[in-house]
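Please read the following report alongside the sequence and the 3D structure.

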Amino acid sequence: MKDKNPISSSELGTLWLTYQEKTMILRILEYFIEKSDDQQAKNIMGGLWQQLSYYVTKIKKIFQEQGVVIPIGFNQEDVNLEAPKLYDNGFDIMFVRILKEISMGMYTLNMNMAYQDEIMEIYEGLTSVTQKVYKLSTLYLLEKGILTLPPKVTMPKSSEFIENKSYLNGFNPFNDKRALNDIELGYLHHGIETNNIGMQLITGFAQCAEDKEVKQYFVKGKELAKKQIKVFGDILLESDVQFSATSGSTVTTSKVAPFSQKLMMFCIYLLNGFGIVGSSFGTIFSLRKDVSMKTALIAKDIYFYADEGVKIMIKNGWLEEPPQMEDRPNLIKK
C-alpha cells in the first residue's frame, strides 16, 4: 500500500485523531467494565471494546504500511483498574451514549475527507458500530428509567408558513415571545441532557485530580456546565415547559483517580469541541433571536474554556502533536 497508494494529508490527519479518540475510549471502557455489576451494561461496553480494538489495530496496520510512526495515544498507564468506583451505576452507559454522539459526527466529517477504499471502509464500519451501540445504550437507559424523554407536544394538523418577522423576536421585554418551535425545544432538551452528564463527569475528575491547576480547571468546567443547564432551563420555563433531568448525584466519594490527568484533560478537550459544534447548531437553527444569541454566547464561553485547557495540556506535555506539513521556510533557512 505504501508504494502503490500513499494516503493523503487529510486521511492521515483523521486517522491520527481517530486513533487518539479510540485509544482513550478503550481505556475508559476498561475501567467501567471492571467496576460495573450490571451484566447488560457490561455486554454493551464489552462489545464496543472489541469492535474499537479491531479498528485501532487496522489503523495501526495502515500507519505501519505507510511508514508512519504509531501515535502514543492512550495506553495501560492511563487507566487504573484498581481505583474504587467513581460513578454509580447507569453513568457508564450514559457517558458511552454521549461518546457515540460525538463519534457519529466525527465519522461523517472523516468520511468527507477520505479518498481510498480502505480508509472509507474504516469509517463505514465505525459508523455502523456507533449507531448500533447508541441504539443499545438508549434502549438500556430507557428500560432502567435513567434517560429522560423530551417533552411531548401537540401534533401539527396542517402546514403553515411564517407570515411575520415578529416570529424572530425575543429580545424586547415588552413584546410577548412566541412559543418555542420543536427544533428549538429539541436542542434545549439535548443541551440540558448532555451538560448534566458532563457536569457529573467533570465533578468526578475534579474530585480525584492531583494537580492544583488541573483541579481548578475541572471545577471551572463544572460551573460552566451548570451555567448552560440554567440558561437552557430558564428558556424552557419561560415557555411553560418543565424539564426533569437525570439526577446529578451519581458521583461517589472516591478521590482515587481511575484515569491519568492526561486522559481526563483530553476527554474534556474532546467534549469541548462537541459543545462548540452543538452550540453552533443551536445558534444557526434557532429562529428566536434571544435563543440564538444565548447559544452563541455559550459557544464563546466554551471556546475560551477549551483554549485554557489546551494551554494546560501543552504546559504539562500531555498534548501529542498531530502530523504536519513540512516547514519549507525553516528548511530553506537552514
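## Helix 1

Helix 1 is mostly covered, with 20 of its 27 residues buried. Buried means under 20% relative accessible area, exposed means over 50%, and partly exposed lies in between (1.4 Å probe, protein chains only). Helices (H or I, at least four residues) are DSSP runs, numbered from the N terminus. This is a predicted model, in which local features need pLDDT of at least 70 and side-chain atom pairs count only at pLDDT 80 or more, while totals for chains, interfaces and linings use all residues. Residues are numbered from 1 along each chain as its sequence is written, and side-chain values use heavy atoms, with hydrogens and water left out.

From its first C-alpha to its last, helix 1 reaches 40 Å, close to the 39 Å expected at 1.5 Å a residue. The expected span of a helix is 1.5 Å times one less than its number of residues.

Tyr-19 is placed in helix 1. Its relative accessibility is 5%, so Tyr-19 counts as buried. Which residues does Tyr-19 touch, not counting residues up to four places away in sequence? They are Val-56, Ile-59, Lys-60, Phe-63, Ile-70, Pro-71, Ile-72 and Gly-73, where contact means heavy atoms within 4.5 Å. Tyr-19 and Val-56 are 37 residues apart in sequence, and their C-alpha atoms are 6.3 Å apart in space.

Glu-34 is also found in helix 1. Glu-34 has 46% relative accessibility and therefore counts as partly exposed.

## Helix 1 with helix 2

Helix 2 covers residues 39-66. It has 28 residues and reaches 41 Å from its first C-alpha to its last, close to the 40 Å expected at 1.5 Å a residue. The buried residues of helix 2 include Ala-41, Leu-48, Tyr-55, Val-56, Ile-59 and Phe-63. The buried residues of this helix pack against helix 1, helix 3 and helix 4 (117-143).

Helix 1 and helix 2 pack at an angle of about 150°, and their axes are 9 Å apart. Axes are lines fitted to C-alpha atoms, for helices over the stretch in contact, and angles run from 0 to 180 degrees between N-to-C directions. The angle makes helix 1 roughly antiparallel to helix 2. Angles under 35 degrees count as roughly parallel, over 145 as roughly antiparallel, 65 to 115 as roughly perpendicular and the rest as oblique. The crossing of helix 1 and helix 2 is left-handed, a term used if the near helix is turned anticlockwise from the far one by less than a right angle (right-handed if clockwise). The residues of this contact divide into 17 nonpolar, four polar and four charged. Here Ala, Val, Leu, Ile, Met, Phe, Trp, Tyr, Cys and Pro count as nonpolar, Asp, Glu, Lys and Arg as charged, and the others, Gly among them, as polar.

## Helix 3 and its neighbours

The axes of helix 1 (residues 9-35) and helix 3 come within 12 Å and cross at roughly 170°. Helix 1 and helix 3 are therefore roughly antiparallel to each other. Among the residues that make the contact are Leu-17, Ile-25 and Phe-32 of helix 1, and Phe-95, Leu-99 and Tyr-107 of helix 3. By class, the contact has 13 nonpolar, four polar and four charged residues.

How do helix 3 (residues 91-112) and helix 5 (residues 182-208) meet, and at what angle do their axes cross? Their axes come within 11 Å and cross at roughly 120°. Helix 3 and helix 5 are therefore oblique to each other. The contact residues include Phe-91, Met-94 and Arg-97 of helix 3, and His-190, Glu-193 and Ile-197 of helix 5. They divide into six nonpolar, three polar and three charged. Helix 3 passes helix 5 in a left-handed crossing.

## Helix 8

Helix 8 (residues 289-315) has 27 residues and reaches 40 Å from its first C-alpha to its last, close to the 39 Å expected at 1.5 Å a residue. Asp-290 is found in helix 8, and at 2% relative accessibility Asp-290 counts as buried. The C-alpha atoms of Asp-290 and Glu-34 are separated by 45 Å. Just after helix 8, Gly-317 takes a positive phi of about 70°.

## A loop residue

Asp-240 lies in the loop between helix 6 (212-238) and helix 7 (261-285). With a relative accessible area of 73%, Asp-240 is exposed. Its phi is near 60°, a positive value in a residue other than glycine. Most residues other than glycine have a negative phi.

Key:
Helix = DSSP H or I, 4+ residues; strand = E, 2+ residues; numbered from the N terminus.
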